[in-house]
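Here are a few notes to read alongside the structure. Have it open as you go through them.

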Amino acid sequence: MRQKVKYGLLGIVALCSLGVVAYWPDIRNVMELRDYLAIYEPDSIDQNFRSLYAQSPSVRIPRQGDVAQLAEHPLPDALPETFTVDGEALNLRQFLGDMHTTGLAILLDGRLVHEEYHRGNSQQSIVIQMSVSKSMASFLIGVAIDEGFIKSVDDLVTDYAPTLINTAYDGVTIKNVLEMSSGVKWAEDLRRLDSELIQSILAFRTGSLDEFTASVEREFEPGTHNRYSTIDTHALGMVLRGATERPYEQYFAEKLWARLGAEGDAHFLVDATGQPVVYGGANIVLRDMLRFGQLYLDGGRNLNGEQLVSENWIKTSTQPDVPRLMPMVDNPESGSAFGYKYQWWVPLEPDGDDYSAIGIYGQFIYVNPKRRVVIAKSGTYLDYPIDGGIKNHLTLAAFQSIARHLSSKQLSAENGVAQNSP
């Protein structure tokens, strides 16, 4: 069972000095939390984000088969000088620097037109994906439906994860969870010791995420409110394990990593029981982030043209279709201005049907079908817990500007004249 952090650091120090052994569980929790939060220290965050899989308990998922080569077609002016957001022009290069961008790579119509690395990262760096991992779990749910392991997103979570019967997930559908509309009580806040996010971190550091998932409380009726709840994705992992009768990492390896044409191994952080941290524990190289994004751009087909998940799933899982999921400022049915669907985000002002996977501190896989552009970005933005929401908005606006810029260049090249795309 999870244990709440009840005391601040000064209180714990005082208790330790008094030798109050009875409070050891709380002391241990704070020490574990201190060790975890140390990965975000400014002097070491860059190195930590590209080596977290080696520093922490993790499971390796080897790449298999031939690498699906990315056709390289570098464009020296792939990036516009500025981008405009909310009526203000910003310098793109300065913004990327301010965001502590460690890697940026761009595909245009399947060709690698831009790639850069900073702050000690390289093409070989295996970077923590944080919540970009959630979009990979969504992919696997689609595959499990295609294969008949799951009948429908309208099935109950407890049909496949019976240990969640008589918990906040009882009566919740898979669709509710995919849409972050399970109704569970959740605060996604790294700054509050009593937040559910912090408690989930303690759970994977010291115990079982399965048990923690069973312990969360309900706040809303399922399917009535979009509330971003990281633990919902772990519930999806439990569904996948129950439906396929395979460990999550095995299904991930078989259905995605062995077929993506990946050039690097994947590594998943695991909890104290060995279960992968489905909601944020994937570690992969930047180019494989691109390959995953291109898989979605190409309607579920890998770079060799093999269908890994149905095109219908790609469309269904990335386009919001009810009010609580639509991008909207002050949406009364949502805790976010962004749109949302099945573990994918939609910008506040969409450019066609564009969407993105987003991970804290600056991890992105952005897909723009209208412009035929995929962008992968890794980063270590230090103030993310303070203003991460607005920085996500600015980043997506920057990506949209890059996509428009590239599609304009492509159209001009095809027509032999200088003109702008719509």
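This is a predicted model: local features need pLDDT of at least 70, side-chain atom pairs count only at pLDDT 80 or more; totals for chains, interfaces and linings use all residues.

1. If you look at S1 and strand S8 (residues 266-269), you'll find 4 bridges joining the antiparallel pair. One place to check is isoleucine 61, whose bridge partner in S8 is alanine 266.

2. Next, helix H6 (residues 132-146). With 15 residues at 1.5 Å a residue, H6 should span 21 Å, and the 22 Å between its end C-alpha atoms agrees with that. H6 is mostly covered, as 13 of its 15 residues are buried. After the helix comes glycine 148, with a positive phi near 85°.

3. Now the largest pocket, at about 720 Å³. It is lined by 23 residues, and those closest to its centre are Glu188, Tyr228, Trp345, Tyr384 and Gly389. Helix H14 (384-415) and strand S12 (355-359) each supply at least two lining residues, and H14 gives the most, with 5. The lining has 11 nonpolar, 8 polar and 4 charged residues.

4. Last, the second largest pocket holds about 220 Å³ of space. Of its 14 lining residues, Tyr296, Leu297, Ile314, Lys315 and Pro369 are the closest to the centre. Helix H12 (286-297) and helix H13 (311-318) each give two or more residues to this lining, with the largest share, 4 residues, coming from H13. By class, the lining of the second largest pocket has 6 charged, 5 nonpolar and 3 polar residues.

Key:
Residues are numbered from 1 along each chain as its sequence is written. Side-chain values use heavy atoms; hydrogens and water are left out. The expected span of a helix is 1.5 Å times one less than its number of residues. Buried means under 20% relative accessible area, exposed over 50%, partly exposed in between (1.4 Å probe, protein chains only). Two strands pair if DSSP finds at least two bridges between them. On a 1 Å grid over the protein atoms alone, a cavity is a set of points where a 1.4 Å probe fits but cannot get out, and a pocket is an open set with protein on both sides within 12 Å along at least five of seven lines; lining residues have an atom within 4 Å of a point. Grid points are joined across faces, edges and corners, and a volume is the space filled by probe spheres set on the points. Ala, Val, Leu, Ile, Met, Phe, Trp, Tyr, Cys and Pro count as nonpolar, Asp, Glu, Lys and Arg as charged, and the others, Gly among them, as polar.
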